[in-house]
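Work through the exercises below with the sequence and the model at hand. Each task is followed by a solution in steps.

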Amino acid sequence: YRFSGREDRPLKRAVEKIAEFARSVTGADNQERWLGPSEALLFRANRMFRFDLYFKAPRVEDLFKATQAVKKMALELEIDLVVDVDPYNS
């Protein structure tokens, strides 16, 4: 998941909150499957800051559940979100 916003500190706090919520929704069995949040490789571009959060899921159902939780929180916190599913590197 890639989150972006105009201010880095508020964005970082919001992404940490989203990560905590997503971890709680996916359950204790999936805690080690979450990586991040961390600054994106291209942290700042076009006056926007970016943070990444990764989830590696063994089943499509787990990925769907995690994505729904992340989307819900991103909408509530009014944060731009891009979801990139990569079946080859998961």
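**Exercise 1.** Determine whether Thr 67 is buried or exposed, and find its side-chain partner.

Solution. The model is predicted: local features need pLDDT of at least 70, side-chain atom pairs count only at pLDDT 80 or more, and totals for chains, interfaces and linings use all residues. Residues are numbered from 1 along each chain as its sequence is written, and side-chain values use heavy atoms, with hydrogens and water left out.

Step 1: Thr 67 is placed in helix α2. Helices (H or I, at least four residues) and strands (E, at least two) are DSSP runs, numbered from the N terminus.

Step 2: The side chains of Thr 67 and Tyr 1 are joined by a polar contact of 2.9 Å. Such a contact is a pair of N or O atoms within 3.5 Å; within protein, one must be able to donate a hydrogen and the other to accept it, and residues adjacent in sequence count only if both atoms are side-chain atoms.

Step 3: Leaving aside residues up to four places away in sequence, Thr 67 touches Tyr 1 and Val 83 (contact means heavy atoms within 4.5 Å).

**Exercise 2.** Describe the surroundings of Thr 26.

Solution. Step 1: Thr 26 belongs to helix α1 and, at 10% relative accessibility, is buried.

Step 1: A polar atom of the Thr 26 side chain lies 3.3 Å from the backbone oxygen of Arg 23.

Step 2: Not counting residues up to four places away in sequence, Thr 26 touches Trp 34, Phe 55 and Ala 66.

**Exercise 3.** At what angle do helices α1 and α2 pack, and which residues make the contact?

Solution. Step 1: Two packed helices are described by the angle between their axes and the distance between the axes.

Step 1: Helix α1 (residues 8-26) packs on helix α2 (residues 60-76) at about 145°, the axes being 9 Å apart. Axes are lines fitted to C-alpha atoms, for helices over the stretch in contact, and angles run from 0 to 180 degrees between N-to-C directions.

Step 2: On α1 the contact is made by Lys 17, Ile 18, Phe 21, Ala 22, Val 25 and Thr 26; on α2 by Lys 65, Ala 66, Ala 69, Val 70, Met 73 and Ala 74.

**Exercise 4.** How many salt bridges does the structure hold, and which residues form them?

Solution. Step 1: There are 3 salt bridges (a side-chain nitrogen of Lys or Arg within 4 Å of a carboxyl oxygen of Asp or Glu).

Step 1: Arg 2 and Asp 52 pair at 2.5 Å, N to O. Arg 2 lies in strand β1 (residues 2-5) and Asp 52 in strand β3 (residues 48-55), so the pair ties together parts that are 50 residues apart in sequence. Arg 2 is partly exposed at 32%, whereas Asp 52 is buried at 4%.

Step 2: Arg 59 pairs with Glu 61 at 3.9 Å and with Asp 62 at 3.0 Å. Shared partners join Arg 59, Glu 61 and Asp 62 into one network.

Key: Buried < 20%, exposed > 50% of the residue type's maximum accessible area, 1.4 Å probe, protein only.
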